[in-house]
Amino acid sequence: MSSPMMAMLDKEMPGMDMMMMQQCIESCSACEQSCTMCADMCASSGMEGMARCMAMCMDTADMCHATMRMMMRPSGMDAAVMMQVLEACMMMARACAEECMKHDDIEHMKACAQVCMDCAKACESMMGSMKMMMAK
């Protein structure tokens with residue numbers, strides 16, 4: 001099923017797997033939301049030793065937001081730069097997942113880690129799709 005947004009993007013990026021791009025955008029959005037909520041829940045809990053996790057979650061949320069926004073502006077997209085942004089987002093999401101899993105006895109941390117891993121996988125798939133498109 002294609003959304004109106006994907007129909008617009010398809011005209012700008014012929015050859016791109018629009019379904020994969022939509023999934024990546026949605027995964028980045030979910031990760032941004034989850035990380036923002038996780039950081040807030042950690043801050044409000046008053047638990048000791050959560051500063052690194054909160055910072056990782058906030059940085060990951062920012063990275064996901066930037067990645068998602070760049071994918072929604074295809075007319076100015078430089079494929080090589082987008083590949084680097086996707087790789088950075090993937091790496092940040094994986095690092096955040098690892099940090100959250102250090103506290104997997106806390107339910108929201110475990111959930112955040114899973115959403116981060118899903119985002120990392122979506123970015124990796126998107127990079128694979130872009131490599132194929134760029135090779136044509």
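Biologist: Why does Arg94 count as partly exposed?
Modeller: Its relative accessibility is 28%, and partly exposed lies between buried (under 20% relative accessible area) and exposed (over 50%), using a 1.4 Å probe and protein chains only. So Arg94 lands in the middle class. Keep in mind that this is a predicted model, where local features need pLDDT of at least 70, side-chain atom pairs count only at pLDDT 80 or more, and totals for chains, interfaces and linings use all residues. Residues are numbered from 1 along each chain as its sequence is written, and side-chain values use heavy atoms, leaving out hydrogens and water.

Biologist: What makes Arg94 and Glu124 a salt bridge?
Modeller: A Lys or Arg side-chain nitrogen must sit within 4 Å of a carboxyl oxygen of Asp or Glu. Here N to O is 3.1 Å, so the pair qualifies.

Biologist: And how do you know that Glu99 is buried?
Modeller: Its relative accessible area is 7%, so it falls below the buried cut-off.

Biologist: What joins Arg52, Glu99 and Lys102 into one network?
Modeller: Glu99 pairs with Arg52 at 3.3 Å and with Lys102 at 3.2 Å. Those salt bridges share partners, which puts the three residues in one network.

Biologist: Why are H2 and H3 called roughly antiparallel?
Modeller: H2 (residues 18-45) and H3 (residues 51-71) are helices, meaning DSSP runs of H or I with at least four residues, numbered from the N terminus. They pack at about 155°. On a scale from 0 to 180 degrees between N-to-C directions, under 35 is roughly parallel, over 145 roughly antiparallel, 65 to 115 roughly perpendicular and the rest oblique. So H2 and H3 come out as roughly antiparallel.

Definitions and conventions: Helix = DSSP H or I, 4+ residues; strand = E, 2+ residues; numbered from the N terminus.
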